[in-house]
Amino acid sequence: MALWARQISRWRCLLPAARAAGSPRAPPGTVPACRGLAPRALLPAGNEALPGGWQARRHGAAGSCPPPGSAKEEFFPSPVSNLPAVKRERAAAETVPVPSAETLCEDWDDIPPSSALEEISEEEAVQIIAEPLLPLQSSTLRDYVDHSETLTKLVHLGVDLSQVEKRQKAGQLLLTLDFEKDIRKILLFLKDVGVEDNQLGTFLTKNPYILGEDLEALETRVAYLKSKKFGKAEIAQMVSRAPYLLLFSVERLDNRLGFFKNELGLSVKKTKDLVIRLPRLLTGKLEPVKENLQVCQIELGFQRDEIKQIVFKTPKILTASKKRLRQTFDYLHNIMGISHHMLTRFPQVFNSKLLRIKERHMFLAFLGRAQYDPAQPSYISLDQLVSVPDEVFCTEIAKASIQDFERFLKTL
């Protein structure tokens with residue numbers, strides 16, 4: 001009997017410590033809700049060596065928690081109360097071990113994540129701010145600007161997206177690019193080539209496709225131009241005036257330079273000067289150029305050497321409208337009587353508007369001053385005829401007032 005009482009008292013002492021190690025410590029001064037017994041597995045099975053009244057007591061303790069001070073304490077006296085006063089104070093001073101940080105982290109890791117199907121209250125639903133959906137299909141880049149950091153930064157650079165989206169597949173290209181990863185390195189390359197900061201927006205508006213080019217390929221093309229003795233300032237001028245220049249491979253650029261050199265019979269230096277002044281000769285189609293050369297030789301009657309001089313002085317004649325070339329030549333040669341030799345000396349006249357040539361020639365003819373032969377007095381050069389403004393033309397060439405010229409134009 002005494003042996004079982006000592007064992008049960010020992011179990012009663014161990015049980016609060018085991019519970020305290022597995023749960024947060026109760027605040028000071030609180031009383032445990034239940035001073036339960038040890039688990040049933042710790043007690044002897046059946047009625048082995050237990051007095052007659054103890055079996056019923058054991059089952060009652062397993063099913064409910066008796067309040068403090070009940071009659072059951074006469075059978076299970078508190079082990080602390082049986083200790084001397086010194087031992088009771090020491091037992092009261094013992095601290096319950098606090099769970100470590102690792103144990104707390106493990107407990108948090110065991111918490112399952114919230115599910116997307118979890119029901120929430122109406123108050124929580126109202127507080128949810130949903131981002132606007134990205135349009136699945138659109139005919140304008142404007143609908144994507146608020147969703148794309150790349151488009152936003154390009155707009156800040158001055159790129160006109162309304163013009164970019166008109167170019168085939170240019171809008172799709174921009175939407176697939178990352179500004180930091182894909183575009184920044186191209187911008188730094190263009191600045192190194194010589195494109196000014198205030199020209200980047202205009203440049204990319206005309207040629208957004210360069211943003212998808214391989215950086216190493218672009219550097220190779222610039223290195224080729226440098227190998228052909230093009231200076232840094234000349235390359236910058238060519239790239240700025242012909243934004244598509246760097247999209248052409250080295251082989252194509254080399255073929256274009258060779259074409260103009262051989263077709264026109266120009267030296268290497270004159271060929272380089274020609275494409276510097278009109279770099280779009282390297283990027284445009286060759287068919288219009290070939291057709292204009294045939295028009296000048298077959299229809300207009302210029303010799304090969306004369307064509308070479310005309311083209312070198314006025315490269316735009318190679319890309320001009322064939323109809324415009326025919327009409328201008330017909331009026332200059334057949335109406336005004338200008339010879340091929342004079343037209344070769346002043347080919348800039350082909351760049352002027354035909355209406356201006358007609359108005360000024362008719363006014364000079366009305367005044368009797370339409371003299372274009374350098375061997376005759378009061379000679380008027382073709383350059384003076386078309387290049388000076390109306391005020392200078394009237395006072396210095398026609399020797400009349402601007403009011404006389406305006407009244408004459410009203411009679412036409």
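Colleague: Why does Glu396 count as exposed?

Modeller: Glu396 has 54% relative accessibility, so it counts as exposed. The cut-offs are under 20% relative accessible area for buried, over 50% for exposed, and partly exposed in between (1.4 Å probe, protein chains only). This is a predicted model, where local features need pLDDT of at least 70, side-chain atom pairs count only at pLDDT 80 or more, and totals for chains, interfaces and linings use all residues. Residues are numbered from 1 along each chain as its sequence is written, and side-chain values use heavy atoms, leaving out hydrogens and water.

Colleague: What makes Lys153 and Glu180 a salt bridge?

Modeller: Their closest N and O atoms are 3.0 Å apart. A salt bridge needs a side-chain nitrogen of Lys or Arg within 4 Å of a carboxyl oxygen of Asp or Glu, so the pair qualifies.

Colleague: Why does the pair tie together parts of the chain?

Modeller: Lys153 lies in helix H6 and Glu180 in helix H9, so the bridge joins parts 27 residues apart in sequence. Helices are DSSP runs (H or I, at least four residues), numbered from the N terminus.

Colleague: Why is Lys153 called partly exposed?

Modeller: Its relative accessible area is 24%, so Lys153 is partly exposed. Glu180, at 42%, is partly exposed too.

Colleague: Which residues have the most contacts inside the largest nonpolar core?

Modeller: Phe260, Leu343 and Phe393, in a core of 46 residues. Helix H15 gives the largest share, 5 residues. Such a core is a set of buried Ala, Val, Leu, Ile, Met, Phe, Trp, Tyr and Cys residues joined through side-chain atoms within 4.5 Å.

Terms used: Helix = DSSP H or I, 4+ residues; strand = E, 2+ residues; numbered from the N terminus.
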